[in-house]
Amino acid sequence: KVTIKGIERELICPACKELFTHPLILPCQHNVCHKCVKEILFAFEDSLADGGSESSNQSSPRIKISSSSMDRIDRISRSGIKRNSLTPRSSLFPCPGCQRDIDLGERGINGLFRNFTLETIVERYRQAARAAIAIMCDFCKPPPQESTKSCMDCSASYCNECFKIHHPWGTAKAQHEYVGPTTNFRPKILMCPEHEMERVNMYCEICRRPVCHLCKLGGCHANHRVTTMSTAYKTLKEKLSKDIEYLISKESQVKAHITQLDLLLKETECNSERAKEEASQSFEKLSHVLEEKKSAALRAIEASKNLRLEKLQMQAEEYQGLLENNGLVGYAQEVLKETDPSCFVQTAKQLHVRIQKATESLKSFRPAAETTFEDFVVDIAKQEEILGDLSFHSNGLEIPEINEERSRMYNKALISWECPGKIDSADTYVLEYHKLNREEDSTVWQEIEVCSKSKVISDLDDNSSYAFRVRGYKGSICSPWSREVVLHTPPAPVFSFLFDDKCGYNSEHLLLNPRRTSVESRAGFPLLLGSDRMQVGCYTTLDYIIGDTGIAKGKHFWAFHVEAYSYLVKVGVVSSNKIQKLFHNTHDVTSPRYEQDSGHDSGSEDAFFDSSQPFTLVTLGMKKFFIPITPAAPKDPASRILPLPSCLGICLDCDKGMVGFYDAGRMKCLYECEVDCSGIMYPAFALMGGAAVHLEEAVTAKYGEYHHNI
């Protein structure tokens, strides 16, 4: 027999910390009250809509979203959610049991099963707890009598007399199922939440949940492995029984572990007190040093003050003597009364020197001492920073290092880090960042606590530089800060688009991936057949492709990768009123000067060729970036050839009519020129021979987690 009182811990909802009420089974197999699920979802949606503000977390006094759940709000890509109904619309649920975001699917709460078994156990616990409190009859006239049985079909409790009245012999109600007095009424048949008119008769081994035959035939479990309900019942019951028997057989071992844990609890208490005492002594020593420094500084200030007051007082007395009938002037006036020349000269010589000094001091008055104490200002900036970092440092906890190759700065910032070794790896990390601004003297770091080794940061300013650093924590012990890494944001908001597979797309020469984020030019039979018709020159046509979204105004930035093996690629922008001319322009690759019989070698044709194009493109290929020929370009051809960056970016400013080509890794502009933005502008690409272009993938909330796990 299991003592009901001993399992109370298993019957407590992790959200409201009370006994379960209509518990629902989550996909992660944890149980939460039906009311708690709705309240958490409402609070979670409000937090998303309000940007995770603290005020939005007060929608229910029963439920409080944990700090870890609040930290996960910025990982949710859903935006603009508003609570306008009685049913939450978010499909993501922060499970209070495992602290993970659980996808509830399209049906949300309506797709969850009610845990009737757990509900029955909770009811038995409640009955044991309130054994002295009787369940009264629902149909007696006041005063009601104590019930003797409950009808599971009617979901009501009856005394003997009322039961006979409402379940007369010989009627259909007489066949109802009745049990002892209870307040827990469960349905006799478990129905499918997806198909409400169908009863569950199978068990999905993949999703670990009961399903009906419609779920298996054409629902979301069509390709899943299922078994009959009776087989699943028998299998799971045997497994559970064996596991329980094993645990019971290890009772002595469990008791030994409990005894050991009791000792560890006491040892932890003693060690914590010792650690508190040592920490207190350390801070007392530090306080003593500060007190000594404080006393010394105050003594120095007091001594300087006394010395300055003494000098100023003496100077004041000297000037006081310059007044008539007072001090030096009064003495000189008395000397002037001397009539004996020899006596007068003897006294007046020295007096005249003093009078001259007093006269000069009047002409250039200067206080004998400074009144300010600027030399006694204590600079504690470094000490403040050191004290701010004061923590329990461990030599065994390694310093994390930010991986600049895996870190990205695009529409959002993805910061990834790693530890050189695996000894004493941290449990959590604190990532700090701040914007580099020369105008601001003080640096204010923004802090984020992270449980993984990567973090996606949103809402960074465009065309700015940010410094990042990270440190690891294991309990109360932390590592020193990592080396600061500076990353640059794009010069404008990121523009998202896909390759257009309709407008001018040549499927014979170009190959798009299913997501339309990569395009590849294959030097196959069509190119060979085309070149077979050419005897002289090289008039092979480029294959063009544009983006599926245009830009009418504003400033925008997009990035892409060009494969290193690419022979010839052109990238840039094209206006909507010139797209047709772009796709029908046949002479767009080479100059006549390369023909064997042209006789030209001046390059003037290239200048004409560049100026006559209906679009703005730059040439890439053979791992090089070629700056177009312009009056402002370097005259030396070698100066116009740059190494091809691993990631290229284009910044289009429609308002100013400028387009810039960037090294997207360093956000450095390589080339900039004017462009006619009279129409809608589209990203344009041209490929010839073996070449491939991949659009830069946007950084999403789940991006860092995905790459961290692979």
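Strand β9 (residues 202–204) is joined to β11 by 3 bridges, and the two run antiparallel; strands, like helices, are DSSP runs numbered from the N terminus, with at least two residues (E) for a strand and at least four (H or I) for a helix. Cys-204 has Val-226 in β11 as its bridge partner. This is a predicted model, in which local features need pLDDT of at least 70 and side-chain atom pairs count only at pLDDT 80 or more, while totals for chains, interfaces and linings use all residues. Residues are numbered from 1 along each chain as its sequence is written, and side-chain values use heavy atoms, with hydrogens and water left out.

The open sheet has 3 strands in the order β10-β9-β11 with antiparallel pairing, where two strands pair if DSSP finds at least two bridges between them. Because β10 (209–211) and β11 (226–228) stand at the edges with a single partner strand each, one side of each is left without a neighbour in the sheet.

A nonpolar core is a set of buried Ala, Val, Leu, Ile, Met, Phe, Trp, Tyr and Cys residues joined through side-chain atoms within 4.5 Å, buried meaning under 20% relative accessible area (1.4 Å probe, protein chains only).

| Core | Residues | Including |
|---|---|---|
| Largest nonpolar core | 49 residues | Trp-558, Phe-560, Leu-652 and Phe-685 |
| Second, separate core | 24 residues | Leu-24, Cys-28, Val-32 and Leu-104 |

In the largest nonpolar core, the four residues Trp-558, Phe-560, Leu-652 and Phe-685 have the most contacts inside it, and strand β25 (residues 555–562) gives the most to this core, with 5 residues.

Technical notes
Buried means under 20% relative accessible area, exposed over 50%, partly exposed in between (1.4 Å probe, protein chains only).
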